[in-house]
Structure formats: structure tokens, C-alpha cells
Amino acid sequence: MKGKVVVWPAMITVAVFILVYVLHAAVTGNGFHLKKDTLFSVYGFHLVFSLAVIIAFQWLSTAQKAKDQLGFIYLAVMAAKLGLFIVLFSSYFFGESATSTVPHGNFLVPVFIGLACEVTFLARTLKKME
């Protein structure tokens, strides 16, 4: 039963990220150059991080000591996510040699998709804990 609790949110998150990436790439006209596409890398980063957060919080929700601290843990994880994102993609955002056809504003789409998936499933997890 516990396996289903983790599998469905993970599968839904992956499906949402894939669907939104395909739509986003089609709308912006970038095509699907997965190897060298910065947008694909950003979607991949947020997908992996969102999956890790969802799975970790499903696991932490079973620990008695962590139940009262899940909100604070989530805030710390979001700060770590922002820091790691800046470190990994700093050359694109702050480097002078970075060239891409994707405007910087397009990178907010995967941020909000990841945030929406995380918050949705974490809110459901917290509600089940009550």
C-alpha cells in the first residue's frame, strides 16, 4: 500500500513535466534538441528535484519526529533548490558567453510546474497525516 502512495505522485509529476515540456517547446518553436537544449536541462533539473522532494516527504511523513517539522524542512529544501539551480545554470544566466534562443523568462515555467506538483502532493500528504 505504501508503494502506491509514492508511485502515483511520481508518475503524475513525470507525465505533467513531459506534457508541459512538449507544449512549451512547440509553442516557443525551439524543437526537440534534447542533447543541447538548455530548456530541456532546466526541465530535467526541476523534474528530478521535484521527484526527490515528493518521495522524501512521503518517507518523512512516516517518521514521528519529522511530522511537525515538514513545513520548515520544505522551506529549507526550496532554498537549497534555488542555490543549486543558480550554481548549475549560472553560466547561462550570468555568463557573457552563454547563447540561447530561449528567453530567460521561459525558465519560470518549469519552476512553477515543479512548485505546483510539489505543493499539491505535499499538501495531500499533510492532510492525510491529520
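Contact is taken here to mean heavy atoms within 4.5 Å. On this basis, residues 24 or more positions apart account for 70% of the contacts in the chain that have a separation of 6 or more. The structure is a predicted model, in which the secondary structure comes to 5 helices and 0 strands, so that the chain, read along the sequence, follows the pattern α-α-α-α-α. Of the 130 residues in the chain, 34% are buried. The chain exposes about 8300 Å², and carbon and sulfur atoms supply 72% of this area.

The packing of helix α2 (residues 38-60) against α3 is described by an angle of about 160°, with the two axes 12 Å apart. Because angles over 145 degrees count as roughly antiparallel, α2 and α3 are assigned to that class, and their crossing is right-handed. On the α2 side, the contact is made by Val42, Phe45, His46, Phe49, Ser50, Val53, Phe57 and Leu60, whereas α3 contributes Leu70, Ile73, Tyr74, Val77, Met78, Lys81, Leu84, Phe85 and Leu88. When the residues of this contact are divided by class, 14 are nonpolar, 2 are polar and 1 is charged.

Helix α3 (residues 70-88) also packs against helix α5 (residues 108-129), where the axes come within 12 Å and cross at roughly 165°. These two helices are therefore roughly antiparallel to each other, and the crossing of α3 and α5 is right-handed. In this contact, Leu70, Tyr74, Met78 and Lys81 of α3 meet Leu115, Glu118, Val119, Leu122, Leu126 and Met129 of α5. By class, the contact of α3 with α5 comprises 8 nonpolar and 2 charged residues, with no polar residues.

The remaining helix pair described here is that of α2 and α5, whose axes come within 9 Å and cross at roughly 10°. Since angles under 35 degrees count as roughly parallel, α2 and α5 are described as roughly parallel to each other. The residues of α2 that take part are Val42, Tyr43, His46, Phe49, Ser50, Val53, Ile54, Phe57 and Gln58, and they meet Val109, Pro110, Val111, Gly114, Cys117, Glu118, Phe121, Leu122 and Thr125 in α5. By class, the contact of α2 with α5 has 12 nonpolar, 5 polar and 1 charged residues.

When residues up to four places away in sequence are not counted, Ile54 touches Pro9, Thr13, Cys117, Glu118 and Phe121. Ile54 and Leu122 are 68 residues apart in sequence, yet their C-alpha atoms are 6.9 Å apart in space. Val48 also lies in helix α2, but with a relative accessible area of 56% Val48 is exposed, because the cut-off for exposure is over 50%. The C-alpha atoms of Val48 and Thr13 are 9.9 Å apart in space, and the two residues are 35 residues apart in sequence.

Tyr21 lies in helix α1 (residues 2-28) and is buried, with a relative accessible area of 6%. Between Tyr21 and Ile113, the separation is 92 residues in sequence and 10.0 Å in space, C-alpha to C-alpha. Asn106 is located in the loop between α4 (90-94) and α5, and a relative accessible area of 18% places Asn106 in the buried class, because that class holds residues under 20%. Asn106 touches His24, Thr28 and Leu39, residues up to four places away in sequence not being counted.

Conventions
Residues are numbered from 1 along each chain as its sequence is written. This is a predicted model: local features need pLDDT of at least 70, side-chain atom pairs count only at pLDDT 80 or more; totals for chains, interfaces and linings use all residues. Side-chain values use heavy atoms; hydrogens and water are left out. Axes are lines fitted to C-alpha atoms, for helices over the stretch in contact, and angles run from 0 to 180 degrees between N-to-C directions. Helices (H or I, at least four residues) and strands (E, at least two) are DSSP runs, numbered from the N terminus. Angles under 35 degrees count as roughly parallel, over 145 as roughly antiparallel, 65 to 115 as roughly perpendicular and the rest as oblique. A crossing is left-handed if the near helix is turned anticlockwise from the far one by less than a right angle, and right-handed if clockwise. Ala, Val, Leu, Ile, Met, Phe, Trp, Tyr, Cys and Pro count as nonpolar, Asp, Glu, Lys and Arg as charged, and the others, Gly among them, as polar. Buried means under 20% relative accessible area, exposed over 50%, partly exposed in between (1.4 Å probe, protein chains only). Accessible areas come from the Shrake-Rupley method with a 1.4 Å probe; for residues, only the protein chains shown count as cover.
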